[in-house]
Amino acid sequence: MKNTGIVRKIDELGRVTLAKEDRKILGINDNDPIIMVRKGHEIRIRKFQETCIIFNNNVIENKFLQMQDKRICDKCVNKIKYNESLLNNSCMVNIK
């Protein structure tokens, strides 16, 4: 992706307008959530996507398990269920 730059003024409410062309290139549509991350003296803006806490997979709407404020994608939930069934069917030896 080509680096580009544009100077914008911040309005009295602290808002900045993103150019339509940049939003299109980045896949940001009206009312999409974005995330702003401050790194040193820079603020980076990107489209916000929920990710799984286990493997950082994108979380698809309505296909996740919510644990407090964390989300686990459906793929990881299925892997956990599969591994749990393997454990339940295996011979476990208690070591004292």
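**Notes on a predicted model**

1. Let's start with Glu-42: with a relative accessibility of 45%, Glu-42 counts as partly exposed. In this note, buried is under 20% relative accessible area, exposed is over 50%, and partly exposed is in between (1.4 Å probe, protein chains only). Keep in mind that this is a predicted model, where local features need pLDDT of at least 70, side-chain atom pairs count only at pLDDT 80 or more, and totals for chains, interfaces and linings use all residues. Residues are numbered from 1 along each chain as its sequence is written, and side-chain values use heavy atoms, with hydrogens and water left out.

2. Glu-42 has a partner: Arg-44 makes a salt bridge with Glu-42 (a Lys or Arg side-chain nitrogen within 4 Å of an Asp or Glu carboxyl oxygen). Their closest N and O atoms are 3.4 Å apart. Arg-44 is partly exposed too, at 46% relative accessibility. Side chains of opposite charge can pair when their charged atoms come close.

3. How many salt bridges does the structure hold? There are 3. Another one joins Asp-32 to Lys-47, with 3.4 Å between the closest N and O atoms. This pair links distant parts of the chain, 15 residues apart: Asp-32 sits in the loop between α1 and β1, and Lys-47 in strand β2. Asp-32 has a relative accessible area of 24%, so it is partly exposed, and Lys-47 is partly exposed at 28%.

4. Arg-15 and Asp-11 also form a salt bridge through their side chains, at 2.8 Å from N to O. Asp-11 counts as partly exposed because its relative accessibility is 25%.

5. Now step back to the whole protein. Reading from the N terminus, the order is α-β-β-β-β-α. The protein has 96 residues, and 8% of them count as buried.

6. Asn-31 deserves a look when you trace the loop between α1 and β1, where it is found. Asn-31 isn't a glycine, yet its phi is positive, about 70 degrees. Is Asn-31 buried or exposed? It counts as exposed because its relative accessibility is 81%.

7. Next, the surface. Ile-34, Met-36, Ile-43 and Ile-45 make up a nonpolar patch, and together they have about 380 Å² of accessible area. (Patch residues have over 30% relative accessible area and no salt bridge; nonpolar side chains are joined within 5 Å, like charges within 9 Å.) Strands β1 and β2 each supply at least two residues of the patch. Ile-43 lies in strand β2 and is exposed, with 58% relative accessibility.

8. Last, the largest pocket, which has a volume of about 1,100 Å³. (On a 1 Å grid, a pocket is an open set of points with protein on both sides within 12 Å along at least five of seven lines; lining residues have an atom within 4 Å of a point.) There are 28 lining residues, and Ile-6, Leu-18, Asp-22, Leu-26 and Ile-45 are the closest to the centre.

9. Which elements each supply at least two residues of that lining? They are α1 (20-26), β1 (34-39) and β2 (42-47). Helix α1 gives the most, with 5 residues. By type, the lining divides into 14 nonpolar, 7 polar and 7 charged residues.

Key. On a 1 Å grid over the protein atoms alone, a cavity is a set of points where a 1.4 Å probe fits but cannot get out, and a pocket is an open set with protein on both sides within 12 Å along at least five of seven lines; lining residues have an atom within 4 Å of a point. Grid points are joined across faces, edges and corners, and a volume is the space filled by probe spheres set on the points. Helices (H or I, at least four residues) and strands (E, at least two) are DSSP runs, numbered from the N terminus. Ala, Val, Leu, Ile, Met, Phe, Trp, Tyr, Cys and Pro count as nonpolar, Asp, Glu, Lys and Arg as charged, and the others, Gly among them, as polar. Accessible areas come from the Shrake-Rupley method with a 1.4 Å probe; for residues, only the protein chains shown count as cover.
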